[in-house]
Amino acid sequence: MSAVTDKRVISILVNDEFINYVMNPTISLIEKWEDLFRMHPEQIPIANEARLILLSRLNKKTLPHHEVLELKARIFEKCGISSLN
Amino acid sequence: METNYLQKTTYSDSDTQTVQLLSNFIEGDVSAFSKLYDMYVNLLYNYGYRLTTDAELLKDCIQDVFIKIYNKRTELNTVINFKSYLLISLKNKLCDESRKRVNLSDVAVDELDILSSDNIEKDYIAIEKEKLDSIFVSKMLDQLSPRQRRAIVLYYIEEKKYEDICAIMEMNYQSVRNLIHRGIVKLRNCAA
């Protein structure tokens, strides 16, 4: 496993307001981020890369199917759920 | 006139399905919890993969996020957007775990620095300075237009594929190739 994402992209990816701006944009979030992009247009491609990652549209990484099932079994066991549906 | 800097996110059928599943889960339907896991485990994995190189830590944190959701399901009524909630929960969990590990060892200090950042503008400036630590490379790249510079950094430094650069820069394949080619020609002329 290797994460080679640009640190500039990561710095946006971990920003709660950016996550909300991408996933559930409100007028105030749109205004805030578009003001920022107006002042720093060079950041638009970086923010766009972060947006595509959040939306799983860029070089998507997935867990192998057997690991998805193993992790689900672990979670259900910890939650005391007996059957997998 | 409104300027769209990034393409706006649109709601999909899966968002409607999520709202229904969440409602069923809050009322105690375990199969809805199972379906929510199936729908979103890879959203979380894909996101977390960009924040840590430790696959086991990432899986442990995803596990903790889902366990927390299960145990606090009655509080999910207040969640406005489930995907945002999941992503932010995972990021916070990874951050907490990184902090704990830093207390035991200095191995993850670099990682913590990334995860603890919250001032986006300050980060931009600091990271830009760090990136431009080579004066020569910096001066050379300064000869390029912002788009040429970004394309060349993506291709030669970050080793992105053309198709990824097309998506990031919202340009077609030929335009990206032309941009990089013109940038390289310009750099060669500057270096001559």
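Student: What order do the elements of chain B follow from the N terminus on?

Tutor: From the N terminus on, they run α-α-α-α-α-α-α-α-α-α. That makes 10 helices and zero strands in chain B. Helices (H or I, at least four residues) and strands (E, at least two) are DSSP runs, numbered from the N terminus. A word on the model: it is predicted, so local features need pLDDT of at least 70, side-chain atom pairs count only at pLDDT 80 or more, and totals for chains, interfaces and linings use all residues. Residues are numbered from 1 along each chain as its sequence is written, while chains are lettered from A and ligands numbered from 1 in the order in which they are written.

Student: How do you know what the confidence in chain B is?

Tutor: From pLDDT, the predictor's confidence in each residue, from 0 to 100. Chain B has a mean of 80, and 74% of its residues reach 70 or more. Within chain B, α2(B) has the highest confidence, at 96, and α5(B) the lowest, at a mean of 46. Residues 106-118 of chain B have a pLDDT below 50, and this stretch has 20 contacts in the model beyond near neighbours in sequence. The model also scores ipTM 0.90 and pTM 0.68.

Student: How do you know what span helix α10 of chain B should have?

Tutor: The expected span is 1.5 Å times one less than the number of residues. For the 19 residues of α10(B), residues 173-191, that gives 27 Å, and the end C-alpha atoms are 27 Å apart, so the two agree. Helix α8(B), with 12 residues, reaches 15 Å from its first C-alpha to its last, close to the expected 16 Å.

Student: Which residues of α10(B) are called buried, and why do we say they line one face?

Tutor: A residue is buried if 20 or more other C-beta atoms lie within 10 Å of its own, exposed if 12 or fewer, and partly exposed in between, with C-beta atoms placed from the backbone. In α10(B), the buried ones are B:Val176, B:Leu179 and B:Gly183. Down the helix axis they fall within an arc of 60°, so they line one face of α10(B). That arc is taken over the directions from the helix axis to the C-beta atoms. The face turned away from the buried side carries exposed residues, including B:Tyr173, B:His181 and B:Arg188.

Student: What makes A:Ile81 partly exposed?

Tutor: A:Ile81 has 16 C-beta neighbours inside 10 Å, so it counts as partly exposed. A:Ile81 is found in the segment after α5 (65-79) of chain A. Leaving aside neighbours within four places in sequence, A:Ile81 is in contact with A:Phe76 and B:Val30. In contact means that the two C-beta atoms, placed from the backbone, lie within 7 Å.

Student: How many residues of chain B are in contact with chain A, and what makes up that side?

Tutor: 49 residues of chain B are in contact with 51 residues of chain A. Helix α2(B) gives the most to the chain B side, with 11 residues. That side divides into 27 nonpolar, 12 polar and 10 charged residues. Ala, Val, Leu, Ile, Met, Phe, Trp, Tyr, Cys and Pro count as nonpolar, Asp, Glu, Lys and Arg as charged, and the others, Gly among them, as polar.

Student: What do the buried residues of α8(B) pack against?

Tutor: They pack against α4 (44-54) of chain A together with α9 and α10 of chain B. Among these buried residues of α8(B) are B:Ile152 and B:Leu154.
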